[in-house]
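Open the model in your viewer and keep the selection tool at hand. The tour goes from charged pairs to the core, then out to the loops.

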Amino acid sequence: MVDTYNPKDIDIIVGGFIASGFSDDKVTVKRDEDMWKDESGADDEVVRYATNDKRSEIEITLQQTSSFNFTLSTLAKTDELSGAGTIPVIVKDNRGRDLHAAPTAWIVQIPEAKYSKGIQVRTWRIRTDNLQNFLGGAA
């Protein structure tokens with residue numbers, strides 16, 4: 001059996017807009033905390049506890065020429081001016097079963113802008129307080 005992966009099959013939807021114009025490192029999704037932590041007592045008895053912390057960061061890396069930089073800049077500036085800019089974010093593999101969904105997310109800041117020979121990248125950091133994620137592999 002041979003499974004197939006194609007980065008073109010990964011959709012990233014931010015505030016209802018489909019992202020495009022990615023660099024090689026398209027997207028990274030990472031939770032801040034473990035789902036479970038544990039502690040050992042003086043008598044070596046271990047207890048585990050749920051952190052209940054679903055805060056996460058989604059990094060989207062675009063080429064500097066991507067028109068999606070405009071979309072994300074507009075969303076970020078709207079939030080900066082109004083404070084009402086939380087947006088839903090979805091990262092999904094259309095060929096597989098991976099799904100990451102954040103009903104409330106926000107752009108942390110407009111990325112650093114570097115101009116030099118060659119195409120540069122713009123790394124957008126998006127935070128969420130409630131990431132729902134599932135890694136399902138190939139379908």
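**Stop 1: salt bridges**

Select Arg-95 and Asp-9: their side chains meet in a salt bridge, 2.8 Å from N to O. A salt bridge here is a side-chain nitrogen of Lys or Arg within 4 Å of a carboxyl oxygen of Asp or Glu. Arg-95 sits in the loop between β7 and β8, Asp-9 in the segment before β1, and 86 residues separate these distant parts of the chain. Helices (H or I, at least four residues) and strands (E, at least two) are DSSP runs, numbered from the N terminus.

This is a predicted model: local features need pLDDT of at least 70, side-chain atom pairs count only at pLDDT 80 or more, and totals for chains, interfaces and linings use all residues. Residues are numbered from 1 along each chain as its sequence is written, and side-chain values use heavy atoms, with hydrogens and water left out.

Check accessibility next. Asp-9 is buried, at 17% relative accessible area; Arg-95 is partly exposed, at 40%. The classes are buried under 20%, exposed over 50% and partly exposed in between (1.4 Å probe, protein chains only).

Now pick Glu-57. Its salt bridge with Arg-125 has closest N and O atoms 3.0 Å apart. Arg-125 is in strand β9 and Glu-57 in strand β6, so the pair ties together parts 68 residues apart in sequence. Glu-57 also pairs with Arg-127, at 3.8 Å. The model's count is 7 salt bridges.

**Stop 2: the core**

Which residues touch the most other members of the largest nonpolar core? Select Ile-12, Val-14, Ile-60, Leu-62, Leu-72, Ile-107 and Ile-126, from a core of 21 residues. Such a core is a set of buried Ala, Val, Leu, Ile, Met, Phe, Trp, Tyr and Cys residues joined through side-chain atoms within 4.5 Å. Helix α1 gives the most, with 4 residues. Centre on Val-14. Beyond four places in sequence, its contacts (heavy atoms within 4.5 Å) include Phe-68, Leu-75 and Pro-88.

**Stop 3: loops**

Go to Asp-44, in the loop between β4 and β5. Its phi is near 70°, positive in a residue other than glycine. Asp-44 is exposed, at 61%. Then take Asn-52, between β5 and β6. Its phi is also positive, about 55°, and Asn-52 is exposed at 69%.

Finish at Lys-114, in the loop between β8 and β9. It contacts Gln-64, Gln-120 and Arg-122, neighbours within four places aside.
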